[in-house]
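Hi,

Here's the structure I said I'd pass on.

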Amino acid sequence: MISRTEYNELNAKLAPKSKEGRTLLFAFLVGGLICMIGQGFSDLFKLLLPKSDEKVIGQLTSTAMIFLGALLTGFGIYDRIGKYAGGGSIIPITGFANSVVSPAMEYRSEGMIFGVMCKMFVVAGPIIVSGIASSVAVGFVYRLIGAIK
Amino acid sequence: MNFGTQTIRFNNKPRVLSGYSIVGPKESMGPLDPYFHKRLRKDDFGQRSYEKAECKLHMSAISGAIIAAGMTPQDIDVNIGGDLLNQIITSSFSARELDISFIGMYSACSTFGQALIVGAALIDGGYIRTATASTSSHFSTAERQYRYPLELGTQMTPTAQWTVTGAGCSLLGKEGSNIFVESATIGKVVDFGISDANNMGAAMAPAAAKTVLKHLQDTSRSVDYYDHIVTGDLGIYGSRLFLKLLESEGIKAGAVHLDCGAMIYDKKQRCPQGGSGAGCSSVVFNSYFLHHMRAGAIKRLLLVPTGALLSKLSSLQGETIPGIANAVAFEREDD
C-alpha cells in the first residue's frame, strides 16, 4: 500500500475545500446586517436619551446586542444563522453572547453549579483571558508612558 | 487464526435471526427511510436528556430485534453492545434495564463489527445459543462529547460528517434463518497520520483498505465474490480514498463498494460527507442490507464497520487519529 507521506499528500490534494467566495459573501452580509442592527439601536437610544453622552449610548447598544444574541441562542435560531454566516455571526458581540449562552444551555443537565456555572465559559474563556491579559499589558505601558512624561 | 492470519471462519454457520433499526427524524428524511423499522418524530424520544434518549433508542433496538425473532429476553444468552459515549454508558445503562448477561464493547464506530464477531464466535464455539449485537449513536450526545455545544453557531467543515441518531441490533443464533455469518477478519489499528478530527473518513480509509485486502488475501477471494463490500462510515470522501488505496494494490472495488455513511443522507440534507457514528453501520445493515439479503437480491455481503479511535483529549494533545475496521462476511443459503 502507498506510504504514509504519499497518503497525506493525496489527502491534501483531494480533500474538498471550503467555497471561499460563498463563505466570505455570507459572512460579510450577515456580519454587516448585525452591525446595522447595532447602529439602529444606537440611533434609537440617541433619539430617546438626547442628553446622554456617547459612552452611555455605546454601553446601552452593546447591552441590547448581547441580549439579542442570547435570546436568539435560547430560541435555537442563532446556530442556524451561524451555519450560513460563519465568522459573520461569530465576530460581532452577539457571537460572544452565543458562545456563553450555548454551553450554559448544553450543560444544564449536569446541574446548576457543575453544569451551568462551571461550563458556561468553556468556549468564551480564551477570549476573556486574552482580553484581560492584553488590557493589563496595555494599561501597564500606558502608565509607564504617563510616568516618563 | 483458522483462516489465514487475521481471519476466522465460522464452521457452524451462526445465523442472523433478525435485525432491527430505529432512527431519528433526520435519518428518516433520507433515502433509506422505507427500510427502517421505527422512526422518531423528535430526537429527544420524550426523555429529559439526549443521553437518556440514546439509551432508550438502544434498548428499543434490542427489544425490537428480540420481538422480531419471536423470542423473549429469557431466550437471549448474551447482550453484546457498544456506543460512543464515555464509559459506554448508553449500552451499560440499557443493559441495566434488560435482564440479560452483558458484554460491553468499544471500538468507536466499528463497534458493531466487533460485537458481531464476538457474538458469532461464541455461538460458533457452542458456548451460547443466542446473542444480540447492538450499537447506537446520537447526534446531540456525540456533538457534546466530541465537539461544541449544540446551540453554538459554528459551521461544518467540507470534510465533516453528521453523527447518525439511531440504534441497530442483530440477533444471532444457532439456527432459524438462511442468512449466516460465514467469516470475519479482525482489523489492526492503522494510523496514517491524519490529525484533523473533522476528516475522519480520511483517518479510517487506510484501516478499511488494509482489512479488506487482508480478508481477500486470507480467503483467496476476489472482490467479485461479494455482491457488495459495505464500509461503515467512511463517507463520500473517505470512500474515494478507500477505493484509491485498494487501486494502488491493483484491486478495483468501485463496482461493488457501498458506504453506509454515504448512503444514509440525501445530498440536500447538508451533511457534507454523509453520516458517521456507531449507529450508522448498524442501522443501515439491519434495515437496508438485511432486507435485501432476505429478499435474495444480495447473496454475499462483506460488512466492514470502520472506527476512528480518537477522543477529544487525544486530539487536543496533538495526537494523530488511529483507525480500525473489522470485516464480517454474511452469506445467504438458498433453500
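This is a predicted model: local features need pLDDT of at least 70, side-chain atom pairs count only at pLDDT 80 or more; totals for chains, interfaces and linings use all residues.

Let's start with where the chains meet. On one side there are 27 residues of chain B, and they are in contact with 31 residues of chain A. Which helices of chain B each supply at least two residues to the side that touches chain A? They are helix H6 (200–219) and helix H7 (235–247). H7(B) gives the most to that side, with five residues. If you sort the residues on this side of chain B by class, you get 13 nonpolar, eight polar and six charged.

Now for chain B by itself. Its domain assignment gives domain 1 (7–173) and domain 2 (182–332). The C-alpha centres of these two domains of chain B lie 17 Å apart. As for how they touch, 53 residues of domain 1 of chain B are in contact with 54 residues of domain 2 of chain B.

Several elements of chain B each supply at least two residues to the domain 1 side of that contact, including strand S2 (15–23), helix H4 (111–124), strand S6 (130–137) and strand S8 (166–173). H4(B) gives the most there, with seven residues. By class, the domain 1 side that touches domain 2 in chain B has 26 nonpolar, 23 polar and four charged residues.

Cheers

Methods. Residues are numbered from 1 along each chain as its sequence is written. Chains are lettered from A and ligands numbered from 1 in the order in which they are written. Two residues are in contact if their C-beta atoms, placed from the backbone, lie within 7 Å. Helices (H or I, at least four residues) and strands (E, at least two) are DSSP runs, numbered from the N terminus. Ala, Val, Leu, Ile, Met, Phe, Trp, Tyr, Cys and Pro count as nonpolar, Asp, Glu, Lys and Arg as charged, and the others, Gly among them, as polar. Domain bounds come from an automatic or database domain assignment.
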